[in-house]
Amino acid sequence: MTEASAREKILIVDDERQVRGVIAAIVEMEGYHCTLAEDAESALAILGEQHIDLLISDINMNAMSGVELLGVALQRFPDLAVIMVTGVDDRETAIETLHMGAYGYVTKPFQANELVINIANALRRRQLEIENRRHREE
């Protein structure tokens, strides 16, 4: 566990309990704190109540999709890093989510290392963008 990972909070959103559990186990093994949500509405409520550094969201969920969640979450919380996770390897959706502001796109089934690398990259990029914006503001 790194010092940085001990402070960073990750929100995992997936309508499948088992998938949430697998992702949470990987995230916690790396030393991150995580919170779980079963749908986009719950995720938005948590984002409004807690400081979250990274959102890991499924794309295909009931009611509000992960793509819709991505748009709303980044509009409300512009410093949020987001990684999309999906069972459908769809190039167009991947490109769409990346253009919308997602930092990563991981297809299920995934290797733990693939997810861990995406998390590290997303959190690092988020930190650099925040520092860059602060520097420009000063």
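The following legends describe close-up views of a predicted model.

**View 1. Strand β4 and its two faces.** Strand β4 spans residues 81-86 and is mostly covered, with six of its six residues buried. Ala 81, Ile 83 and Val 85 point one way from the strand, while Val 82, Met 84 and Thr 86 point the other way. In a regular strand, side chains alternate between the two faces of the sheet. Residues of both sets in β4 are buried.

**View 2. Pairing of β4 with β3.** Strand β3, residues 54-58, pairs with β4 in the parallel sense, and five bridges link the two. Ser 57 has Met 84 of β4 as its bridge partner. Between β3 and β4 the chain passes through helix α4 (residues 66-76), forming a β-α-β crossover that is right-handed.

**View 3. Pairing of β4 with β5.** Strand β5, residues 104-107, runs parallel to β4 and is joined to it by four bridges. The bridge partner of Thr 86 is Thr 107 in β5. Here the chain crosses from β4 to β5 by way of helix α5 (residues 91-100), and this β-α-β crossover is right-handed.

**View 4. The largest nonpolar core.** This core contains 24 residues, of which Leu 11, Val 13, Leu 55, Leu 69 and Leu 80 touch the most other members. At least two residues of the core come from each of β1 (9-13), α3 (40-49), α4 and β4. In soluble globular proteins, nonpolar side chains tend to be buried together. Beyond its neighbours within four places in sequence, Leu 69 is in contact with Val 13, Ala 40, Ala 43, Leu 44, Leu 55, Ser 57, Met 61 and Met 64. Apart from this core lies another, of 22 residues, including Ile 12, Ile 23, Ile 26 and Tyr 103.

**View 5. Surroundings of Leu 74.** Leu 74 belongs to helix α4. Its relative accessible area is 17%, so Leu 74 falls under the 20% limit and counts as buried. When neighbours within four places in sequence are set aside, Leu 74 is in contact with Leu 80, Val 82, Met 100, Gly 101 and Ala 102. Leu 74 and Met 100 are 26 residues apart in sequence, and their C-alpha atoms are 8.5 Å apart in space.

**View 6. Arg 125 and the ring of Tyr 103.** The charged end of Arg 125 sits over the ring of Tyr 103, at 4.0 Å from the ring centre. The structure holds zero aromatic pairs.

Notes. Residues numbered from 1 in each chain as written. Predicted model: local features only at pLDDT ≥ 70, side-chain atom pairs only at ≥ 80, totals over all residues. Heavy atoms only, no water. Buried < 20%, exposed > 50% of the residue type's maximum accessible area, 1.4 Å probe, protein only. Pairing = 2+ DSSP bridges. Right-handed = clockwise from strand over helix to strand, strands pointing away. Core = buried A, V, L, I, M, F, W, Y, C linked by side-chain atoms within 4.5 Å. Contact = heavy atoms within 4.5 Å. Phe/Tyr/Trp six-rings, centres within 6.5 Å; stacked < 30°, edge-to-face > 60°. Lys NZ or Arg CZ within 6 Å of the ring centre and 35° of its normal.
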